[in-house]
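Visitor: I have the sequence and the model open. Can we walk through a few points?

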Number of protein chains: 2
Amino acid sequence: MEVLILGAAGMVGRKLTERLARERQLGGRGISHLTLHDVVAPPVPRDAPFPIVASTSDFAVPGEAEKLVARQPPLIFHLAAIVSGEAEADFDKGYRINLDGTRELFEAIRAVGDNYRPRVVFTSSIAVFGAPFPDAIDDEFFLTPLTSYGTQKAIGELLLADYTRRGIFDGVGIRLPTICVRPGKPNKAASGFFSGIIREPLNGQEAVLPVPDNVRHTHASPRSAVNFLIHAANLDGARLGNRRNLTMPGVSVTVAEQIEALRRIAGDKMVARIRRDPDPTIMQIVEGWPRNFDASRARSLGFKAESSFEEIIRIHIEDELDGAIAN
Amino acid sequence: MEVLILGAAGMVGRKLTERLARERQLGGRGISHLTLHDVVAPPVPRDAPFPIVASTSDFAVPGEAEKLVARQPPLIFHLAAIVSGEAEADFDKGYRINLDGTRELFEAIRAVGDNYRPRVVFTSSIAVFGAPFPDAIDDEFFLTPLTSYGTQKAIGELLLADYTRRGIFDGVGIRLPTICVRPGKPNKAASGFFSGIIREPLNGQEAVLPVPDNVRHTHASPRSAVNFLIHAANLDGARLGNRRNLTMPGVSVTVAEQIEALRRIAGDKMVARIRRDPDPTIMQIVEGWPRNFDASRARSLGFKAESSFEEIIRIHIEDELDGAIAN
């Protein structure tokens, strides 16, 4: 089976690529060829057991998406997106990539004809939801995004469902919670502190906490994000009916609970590296975000996340720190 | 105040035009100029108290929408759409007009700049909802359209909300229930019988009822549809916050209740003109439609529909039959 990953240079795309190269198969079907695509060169794992071709272009430019589906891969992961902050800062770029690009891809699949009907796994986001919320957002709560990014993802979900209903492809949309602990360096994302207050102390560095300890949020590990993608790729479409977009499960915790989990795993010394520095701007952004989900439908379809925030920290230590905590 | 109506040749567009010409004002602001637009020539009322310019073009062709907003009308009614059946039969045409056309209009407004920020009233549809439903669909139920038309309207709603949030215009989206009694000749729409079983008997003709008497549906009169548009045009946008799309109220009745209302108003002789001829295809389509809404939010914002189906029939007799029932 051939596989195409759009957005392969991002954190989740890279981890998905490594996992496929390691496991050589997906749902019992051997992988024969992998195409990685992104606007910057995606890293190619060495010694992969199948050919991997990396390609770099702007997939929203008319004609580019056609090239990507020319080999008619039966499985496409569409992870490519302009992220929230950039889509808000650059209206045209966000709509061009996140809406037009997605539509170009879907239309390119349609243009193939020839009974080509791939599984398309699309990463949506909890940014499709906008405050005010109930205590836990259930599977039938309406989408009122408060960012252009969330709007574009919600439109992508609608297109995915309609193209699937029309038999053009077989789509599954998954709304990822905040991925935590994000590896790498601190970044400027408003949500960055959720990872930072765990990652930086474990790296021997100070972390800044800009919000009160009672802020609640939902998290899943990078390993879970990849699990979600693979489970979505293997899911029987008939179980989804016409409702193709799913809120993924996660661990809903307060910042205080995150910190206590860190203390239990790594001790007071690590916790002491978290410095409280309230930032009203970040607090205002965070107040518009969902806190908790009742992701019953995804769970009943077999999607699994961690069961505690401690488990999320342990996965970070295993996957990013070779299993050991520094001092 | 200048007003622009897109989709002015349709039934609701024509009734809105007549109403504006008769009332000369909207929310206390005198109307100085009215532009009517459609893909076919919209009828222009005679003796209107202000200039009316009718224009005919395909507004989804790049450049056309710019011409329409060149006079910077502070109020735009966007009623233009490829209807449900045609959008389902012609995938490209539906997306080109209902999605691309709407986006061309919104982008044309954005391109004006110059602090131009019109009120845009957009007609959406209950086709944004798809079965299975709760008994009454509330204001926070999610959108899972089961037609391409419903998908395109749902995308229009999302764009309307995002462009409004961005300050590009001041949008209000209204989801119309089934308009009943639709004047004119019988048509091939699957929903046509809801009007036909009232209209045809009152015209001395036989009507065909293709579904069982216990089918429930929500209706509002053409007069209410125009009232909704005018109320949406006058509404204080601050009362809507970021949630700009509203399910309109209506009268939820079974077909049996429709028929009994006809009997009370016009007698057994009229009811005898309804011939039952079950059609499994139409029944299947109708089963996917919403039956009932809890339109609390629209009601609390002052939108009003009829309070009984009898009232809907009386309005039809007043507005379309000069107040008299033939024999």
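Visitor: In which helix of chain A is N98(A) found?
Guide: A word first: this is a predicted model. The helix in question covers residues 91-112 of chain A. N98(A) is found in helix 4.

Visitor: Is N98(A) buried or exposed?
Guide: The cut-off for buried is under 20% relative accessible area. N98(A) has 5% relative accessibility, so it counts as buried.

Visitor: Which side chain makes a polar contact with the side chain of N98(A)?
Guide: Leave aside neighbours within four places in sequence. N98(A) is then in contact with A81(A), I82(A), A87(A), Y149(A) and Q152(A). A polar contact of 2.9 Å joins the side chain of N98(A) to that of Q152(A).

Visitor: Is M270(A) buried or exposed?
Guide: M270(A) sits in helix 9, residues 268-271 of chain A. Its relative accessible area is 2%. The limit for buried is under 20%. M270(A) is therefore buried.

Visitor: What separates the C-alpha atoms of M270(A) and I325(A)?
Guide: Along the chain, M270(A) and I325(A) are 55 residues apart. Their C-alpha atoms are separated by 10.0 Å.

Visitor: Which strands stand at the edges of the open sheet in chain B?
Guide: The sheet has 7 strands, paired in parallel, in the order 5-4-1-6-7-8-12. Each edge strand has a single partner, so one side of each is left without a neighbour in the sheet. The edges are strand 5 (52-56) and strand 12 (245-247) of chain B.

Visitor: In strand 12 of chain B, which residue is the bridge partner of G173(B)?
Guide: Strand 8 of chain B, residues 170-176, pairs with strand 12 of chain B in the parallel sense over 3 bridges. The bridge partner of G173(B) in strand 12 is N245(B).

Visitor: Which helix of chain B packs on the sheet, touching strand 7, strand 8 and strand 12?
Guide: Helix 1 (residues 11-23) of chain B packs on the sheet too, but touches strand 1, strand 4 and strand 6 of chain B. The helix asked for covers residues 148-165, and its direction makes about 155° with that of strand 7 of chain B. That is helix 5 of chain B.

Visitor: Which residues have the most contacts inside the largest nonpolar core?
Guide: Nonpolar side chains tend to be buried together in soluble globular proteins. The largest nonpolar core here has 78 residues.

Key:
Residues are numbered from 1 along each chain as its sequence is written. Chains are lettered from A and ligands numbered from 1 in the order in which they are written. This is a predicted model: local features need pLDDT of at least 70, side-chain atom pairs count only at pLDDT 80 or more; totals for chains, interfaces and linings use all residues. Side-chain values use heavy atoms; hydrogens and water are left out. Helices (H or I, at least four residues) and strands (E, at least two) are DSSP runs, numbered from the N terminus. Buried means under 20% relative accessible area, exposed over 50%, partly exposed in between (1.4 Å probe, protein chains only). A polar contact is a pair of N or O atoms within 3.5 Å; within protein, one must be able to donate a hydrogen and the other to accept it, and residues adjacent in sequence count only if both atoms are side-chain atoms. Contact means heavy atoms within 4.5 Å. Two strands pair if DSSP finds at least two bridges between them. Axes are lines fitted to C-alpha atoms, for helices over the stretch in contact, and angles run from 0 to 180 degrees between N-to-C directions. A nonpolar core is a set of buried Ala, Val, Leu, Ile, Met, Phe, Trp, Tyr and Cys residues joined through side-chain atoms within 4.5 Å.
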